[in-house]
Structures are given as structure tokens and as C-alpha cells.
Amino acid sequence: MKRTLVSGIKPSGRLHIGNYFGAVKSWLELQDSYNCIFGIYDLHALTQGPKPADLKKAVFEAALDYLAAGIDMDKSILMLQSLVPEHAELAWILDTITPISWLERVPTFKDKSKQFADNLNMGLLNYPALMAADILLYKAVIVPVGEDQLPHIELAREIARAFNNKYGETFPEPMHKVNHAGARIMSLTYPERKMEKSLGEKNYIALSDSPEIIAKKLASAPTDSGKNASASKSPGVANLFELLDIFSKDAVIGGFEKAYRDKVISYADLKQQLATDIAAYFESFRAKRIQLAKKPDAVWKILREGSARAKKIAEKNLREVKEKVGLL
Ligand code: AMP
Ligand code: TRP
């Protein structure tokens, strides 16, 4: 019997290459080995106070990205969190055994306390408990995510342990899985920070960006004079080389490394090559996404059907939990 894998993202726009190499790519590779349940976590997105129309659009964009990237409905389940109310219900039950101090010490909460200082809502504090519910509801054993999500997975393990101790063995402790090749893709404009949508359009490359846009975004990435080649590259240059490592052929990478050492590198050439290679990498993705976007009804239908399949599993597991804690 295959074991269960849960992962997903909160919808907040289109997928970027950080999401792809940090998370999505490993999901695609694991579709044959696990029963996969991939979520679009719209209840989590609500914690950031999106406009209603924007949230709906972000959910649709996320579905397009997932499907175009290769999530296969014959192998996996693609679900929308808010269509499976059992997530919120289990989160409440888990809340009652989760000390506030566990939530307060989560690093992302500390960051968000600063970022959302004028809307520090309960949802932001409770975010990891809902995420634990997303995972435990399906008794998942593995959760492939980017590095920044590790504290959340650790907390899900602690909550599972606390529940099992109090009510008897119920949840496996979920393991994280980090895709090391792309665990942390850095921002184009602020190369010392991770690539993130909230830093603005220019700092990320979306999988759906056209070749022209990719070239334009790379063109404005910071470099240096190219004349002081030292053992440690400046952050912007190191970032470009990391992207070359992912997208370009060995001979191309070797050529630019040599030019860098010889202090004759042209960053304009490097960026142009990189733009060509990134655009080529996602060419079939873009074509597939354009086709899917023409059939919104079919995309919503896939999401509804996937959510219904998830709900069946969720109902069964939640019933077990309710019996254990003494609810009817
Ligand atoms: P987010 O866009 O923050 O909701 O993240 C969605 C998924 O992509 C999570 O598993 C993150 O860990 C991963 N991720 C986000 N940004 C990056 C990045 N710059 N590098 C690697 N993984 C990332
Ligand atoms: N917090 C995750 C992120 O920002 C999204 C998420 C919500 C998630 N629930 C999850 C990821 C369950 C994996 C499993 O990327």
C-alpha cells in the first residue's frame, strides 16, 4: 500500500521558480511513489487580508500553474482547502492541545508580527496549527516543502505527538522533505534575500513569464564590475551562477566560470544566455497553461472533483478523531 504525501501552497499569485525548485518539482517526481494530496490553501491566504476578487483569481492562477506543471489527476488529488471544511474543524480540535507558546515561537510568526503589525490577526498566530491539520487530516507521512517551511512541519510533528499521547496512537509523525538543489532560490533584486512575491514583480521569475519578461527581469539584476574576481562572488553574481547551475548546460556554465576567473566576463552575455535557458525550460509549461486558461470551467471542475475526493478521506479520519476526543 502506498503511503500518503501532502503538500501545497497558499495562493497569492503565480508560481515562481523558487516555488518550483523548492517544492513543486519534487512533488511531480513523487506522484508515482505516494498517494499525493496537493492543496491550494486559501484559508491560509485569508490571514494576509486579500481582496475577495484577488483571492479568487489567485486560486485560479494556482490551479493553472499546478496543472500546467504536471500534477496528474489520474495519480494525485488536487484540492481547494475551503471546499473541505474538515480542515478547519480538525484545526480547532488541534488548537485545544497546542500551547500558545509553541505558536508564538515559530519564526514565521515573529516575521509576520513585524510585516503585518497593523493586522496581527489570530489567523497569523494559528497558521501553523491549521497547516498541521492540512497534513494530519490525511495521515500524511511526508511533506515536501521549501526550507522556510521546516519549523511548521516540526510543529505538526509535535502536535501529532501531543495528540497521540493524550488520545492514543492516531497520527503518524509527518517527515519533511527538502529538495536541496532548489531549497532556497534567491531574489533577483535583493540577492541576499529569498525570492518572494512580496518583494515585488522584478525580484522573481514566474513560470509563466514570457521570454521577453524573463530577459527584462534578469537585465536589472545587480552584478559587479567583473574585474575583481575573488574566491567569493558578490551576492548578485553568485545568484546568477546558481541559476546557471540549474538551467544551463555544463559547457555553458564552465565557459562563464572561466571568463569570471579570467576577469573578462560579460554579465550582459551571461544574463542573455540565462534568459534563453530559463525560457526554454518552461516552454511547454507556458503552452499548456495558455490552453488551460481558455477553459476556466474545466479547471474549476477539476478542483471541485479533487476536493470531493479529498473530502471522503477527510471525513473518515475526522470521524476517528472525534470519537477519540469524545465528540459525537
Ligand atoms: P510560498 O510562495 O511562500 O507560499 O511558498 C510555497 C512553497 O515554495 C513552499 O514550500 C516554500 O518553501 C517554497 N518556496 C518559496 N519561495 C522559495 C524560494 N525562494 N526558494 C525555494 N523554495 C521556495
Ligand atoms: N505554509 C505553506 C506555504 O506557505 C502552505 C501550506 C499550508 C502547506 N498548508 C500546508 C504546505 C500543508 C504543506 C502542507 O508554503
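Let me start with a question: which polar backbone atom is 3.0 Å from an oxygen atom of ligand 1? It belongs to glycine 146.

Before I go further, some housekeeping. This is a predicted model, where local features need pLDDT of at least 70 and side-chain atom pairs count only at pLDDT 80 or more, while totals for chains, interfaces and linings use all residues. Residues are numbered from 1 along each chain as its sequence is written, chains are lettered from A and ligands numbered from 1 in the order in which they are written, and side-chain values use heavy atoms, with hydrogens and water left out.

Okay, back to ligand 1. There are 17 residues around it, and Asn19, Gly146, Asp148, Ile185 and Met195 come nearest; "around" here means that a heavy atom of the residue lies within 4 Å. Aspartate 148 puts a side-chain N or O atom 2.3 Å from an oxygen atom of ligand 1. Isoleucine 185 uses its backbone instead: an N or O atom there lies 2.7 Å from a nitrogen atom of the ligand.

Now ligand 2. Tyrosine 127 has an N or O atom 2.7 Å from a nitrogen atom of ligand 2. Glutamine 149 has a polar side-chain atom 2.9 Å from a nitrogen atom of ligand 2. And lysine 10 brings a polar side-chain atom to 3.2 Å from an oxygen atom of ligand 2.

The assignment, which is an automatic or database one, gives domain 1 as 4-184 + 296-325 and domain 2 as 197-284. Their C-alpha centres lie 32 Å apart. In contact terms (heavy atoms within 4.5 Å), 12 residues of domain 1 meet 14 residues of domain 2.

How much area is buried between domain 1 and domain 2? About 1200 Å², with carbon and sulfur atoms giving 60%. That's the accessible area, with a 1.4 Å probe, that the two parts lose on being put together, summed over both. On the domain 1 side, Arg14, His16 and Ile17 lose the most, together 50% of what that side buries.

Arginine 14 comes up again, in a salt bridge with aspartate 209, closest N and O atoms 3.4 Å apart. For us a salt bridge is a Lys or Arg side-chain nitrogen within 4 Å of an Asp or Glu carboxyl oxygen. The count between the two domains is 1.

One I'd like you to look at is arginine 289 with aspartate 65, at 2.6 Å from N to O. That pair links distant parts of the chain, 224 residues apart.

How values were computed: A polar contact is a pair of N or O atoms within 3.5 Å; within protein, one must be able to donate a hydrogen and the other to accept it, and residues adjacent in sequence count only if both atoms are side-chain atoms. Helices (H or I, at least four residues) and strands (E, at least two) are DSSP runs, numbered from the N terminus.
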